[in-house]
Amino acid sequence: MIKKILVSQPKPTSEKSPYFDIEREFGVEFVFRPFVKVEGLTAREFRQQKISLLNYTAVVFTSRHAIDHYFTLAKELRVTIPEEMKYFCVTETVALYIQKYVQYRKRKVFFGSTGKIDDLVPMMAKHKTEKYLVPLSDVHNDDVKNLLDQKKLKHTECVMYRTVSNDFTEDEIKHFDYDMLVFFSPTGVKALAKNFPSFEQGDLKIATFGPATAKTVADEGMRLDLEAPTKEHPSMTGALKAYFEKLRK
């Protein structure tokens, strides 16, 4: 019987989240607790990449984390970001977040509509003379770099933040009484192995989102019970709902 489910993500901010609908419909309880956290590089670590923030005329932001760590590093490095700096963001939500640090002016903030970098590149290509800086996490692929290379844009990628295990307290370890764990990243799965070195799965169900996360579960010698996304269920909540309906039958 599945009653208590640990979701390795922050709690949804909206009351309308499908997670809460599932709780009501199936009488289960979701506990939201990220297994990983993001921390910024120190100014000293960043300097080792030999990058000067003022050598660039535009910044590409793929997430809010990137914005936070870009402006935090600028402050630590005592660099004043010029007013005419341009910002290219993957979504409007990310673009609006810039207001936390600078005055938002439409003529210097550009954003895509799909959340994918492919959507932003044509817009960047219209500004061919810019020198682009792309802040990234320590874990990233070369998708952005390759796309910008294709368009022959001047750009430099740099690491500004890293994903680390969000370690459990002794009390959390003692009261670890879940029937199911839901993972969204390989780092989250590895964090479980790190926090519970003698972890035995037993009847505990494991659900994952994304092929890399599923592969990590197998690599760690665990059993995978539910995998998303699929054609029928592109979201984790959709996959969970179908899973519980099947159990109920």
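Select Phe30 first. At 6% relative accessibility, Phe30 counts as buried, because the cut-off for buried is under 20%. Keep in mind that this is a predicted model.

**Phe30 and its partner**

Tyr19 and Phe30 make one of them, in an edge-to-face arrangement, with 5.0 Å centre to centre and 75° between the planes. Tyr19 belongs to helix 1 and Phe30 to strand 2, so the pair ties together parts that are eleven residues apart in sequence.

**Helix 1**

Now select residues 18-26, which make up helix 1. Show the side chains of Tyr19, Phe20, Ile22 and Phe26, the buried residues of this helix. Turn the view to look down the axis of helix 1. The buried residues fall within an arc of 155°, so they line one face of the helix. What do they pack against? Colour strand 1 (4-7), strand 2 (29-32) and helix 10 (236-248) to see the partners. Then step to Gly27, which follows helix 1 and has a positive phi, near 65°.

**Thr237**

Go to helix 10 and pick Thr237. Is this residue buried or exposed? Thr237 counts as buried, at 12% relative accessibility. Leave aside its neighbours within four places in sequence, and Thr237 is in contact with Pro18, Tyr19 and Ile22.

Thr237 also ends an annotated stretch: UniProt, in an unreviewed entry, gives residues 24-237 as "domain: Tetrapyrrole biosynthesis uroporphyrinogen III synthase". Select that range. The chain there is 33% helix and 24% strand. The C-alpha atoms at its ends are 13 Å apart.

**Helix 3**

Next, select residues 64-76 for helix 3. Its 13 residues reach 18 Å from the first C-alpha to the last, close to the 18 Å expected. At the start of helix 3, look at Ser63. One of its side-chain oxygens comes to within 3.3 Å of the backbone nitrogen of His65. Past the other end, Arg78 follows helix 3 with a positive phi, near 55°.

Show the buried side of the list: Ala66, Ile67, Asp68, His69, Tyr70, Phe71, Leu73 and Ala74. Zoom in on Tyr70 and Phe71, both buried.

**Last stop: an aromatic cluster**

Select Phe35, Phe168, Phe176, Tyr178, Phe183 and Phe196. Together these residues form one aromatic cluster.

Note on methods:
Residues numbered from 1 in each chain as written. Predicted model: local features only at pLDDT ≥ 70, side-chain atom pairs only at ≥ 80, totals over all residues. Heavy atoms only, no water. Buried < 20%, exposed > 50% of the residue type's maximum accessible area, 1.4 Å probe, protein only. Helix = DSSP H or I, 4+ residues; strand = E, 2+ residues; numbered from the N terminus. Arc of directions from axis to C-beta. Contact = heavy atoms within 4.5 Å. Expected span 1.5 Å × (residues − 1). Polar contact = N/O pair within 3.5 Å; in protein donor to acceptor, adjacent residues only side chain to side chain. UniProt positions renumbered as here; feature names shortened; annotations may be inferred. Phe/Tyr/Trp six-rings, centres within 6.5 Å; stacked < 30°, edge-to-face > 60°.
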